[in-house]
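Subject: Structure handover

Hello,

Here is the structure I said I would pass on. Please open it and keep it beside this email as you read.

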Amino acid sequence: MKIPDFEAWAVFAKVVELRSFAAAATELATSKATVSKAITRLEQRLGARLFHRTSRRLALTEAGQQLAERAAQLLADGEAAENEARAQSGTPCGLVRLAVPMTFGVRVIAPLLPRFLERYPQIAIDLHASDEMIDLIGNGFDAAVRIAAMPDSSLLARRLCPMPRYTVAAPSYLQRYGRPTHPMQLAQHRCLGYAYLSTANAWHYYNAAGDQVTVRPAGPLRVNNGEALLPALLAGLGIADLPAFIIGEALAAGAVEQILPGWRQREGAVHLVTPPGRPRPTRVELLADYLAEQLSEAGKLTPASR
């Protein structure tokens, strides 16, 4: 049995992608004649034409359409294998698909990336910002940043920095509705909710004596992005529980006040999580090291250091 003509398959995939022999030749740093010969060679092996060719138009035949997706996958697998080999043996390179929470990603992660990309010019990052819990494996992500007390145990997790939370209200709310001093009193208050809590619509508190209380807050607003709570919170419409990177500035400026003295929620942390079952590629490890290095100064995210 003959070994498949992988070069011809790769050339075919590139022509399909660019819809041009000339563009494919430029992309592959070869001649148009070489591209044409590779396609002819593949057509002869398959016994079928892959393209309808005219002077003005290049279109896939039915056989070409059926084979285009497989060719693209072969090309992608080959490129990925080469990237991995180069990453292990020399200059780090390749693409990191990274999922991040919306506000934390925009405010904290994105500003850190230019220095990383300058440090490792052969690495590229595809940044996906969303507060939804992304399926890393199903959606083809290399890693995700998660903020939680305990990340999903099915994933490999690396702790990057602590992330405290604060239960707060605006002075105008406290003047109007009073100041709760025990978590159970939150049931009589207007609370602002976040849809993607890791503990589904519950706030868990503990105190120095070891007492634990779980409350299920209710109120006039529930959002799927924590930063979207700020206008209602600052307007005095309710109580919110938010991480330091969102509420730190308002708390330090006195625009909101921390409530429930002596009670705390379990402190969360920022984690980098990756799919299980395989070692992290070098490019992902380098990004994890860099983020840990930068976020080790995480005091700048908390009100106390502002």
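Predicted model: local features only at pLDDT ≥ 70, side-chain atom pairs only at ≥ 80, totals over all residues.

Which residues form one aromatic cluster? They are Trp 9, Phe 12, Phe 21 and Phe 51.

The chain as a whole

The chain has 306 residues, and 43% of them are buried. Its secondary structure consists of nine helices and 15 strands. Of the contacts between residues at least 6 apart in sequence, 73% join residues at least 24 apart. The chain exposes about 16,500 Å², with 52% of that supplied by carbon and sulfur atoms.

The aromatic rings

There are eight aromatic pairs in the structure. One of them is Phe 12 with Phe 51: the ring centres are 5.6 Å apart and the planes meet at 70°, so this pair counts as edge-to-face. Phe 12 belongs to helix H1 and Phe 51 to strand S1 (residues 51–53), so the pair ties together parts that lie 39 residues apart in sequence. Phe 12 counts as buried because its relative accessibility is 0%. Phe 51 is buried too, because its relative accessible area is 1%.

Phe 51 also pairs with Phe 21. Here the rings are 5.8 Å from centre to centre, with 70° between the planes, and the pair is again edge-to-face. It links distant parts of the chain, since Phe 21 sits in helix H2 (residues 21–27) and Phe 51 in strand S1, 30 residues apart. Phe 21 has a relative accessible area of 9%, which means that this residue is buried as well.

The charged end of Arg 97 sits over the ring of Phe 141, at 4.2 Å from the ring's centre.

Around the start of the chain

Where is Asp 5 found? It is in the segment before helix H1 (6–18). Is Asp 5 buried or exposed? Its relative accessibility is 13%, and buried means under 20%, so Asp 5 counts as buried. Leaving out residues up to four places away in sequence, Asp 5 touches Arg 41 and Arg 45.

Helix H9

Helix H9 covers residues 282–295, which is 14 residues. From its first C-alpha to its last it reaches 20 Å, close to the 20 Å expected at 1.5 Å a residue. How many of the 14 residues of H9 are buried? The number is 10, and the helix is described as mostly covered. Among the buried residues are Arg 283, Val 284, Leu 286, Leu 287, Tyr 290 and Leu 291. Gln 294 and Leu 295 are also included in that list.

Cysteines

How many disulfides does a search of the whole structure find? It finds zero. Cys 93 counts as buried because its relative accessibility is 6%. Cys 161 is buried as well, because its relative accessible area is 3%.

Regards

Note on methods. Residues numbered from 1 in each chain as written. Heavy atoms only, no water. Disulfide = S-S within 2.5 Å. Buried < 20%, exposed > 50% of the residue type's maximum accessible area, 1.4 Å probe, protein only. Helix = DSSP H or I, 4+ residues; strand = E, 2+ residues; numbered from the N terminus. Contact = heavy atoms within 4.5 Å. Areas by Shrake-Rupley, 256 points an atom, 1.4 Å probe, with all protein chains shown as cover. Expected span 1.5 Å × (residues − 1). Phe/Tyr/Trp six-rings, centres within 6.5 Å; stacked < 30°, edge-to-face > 60°. Lys NZ or Arg CZ within 6 Å of the ring centre and 35° of its normal.
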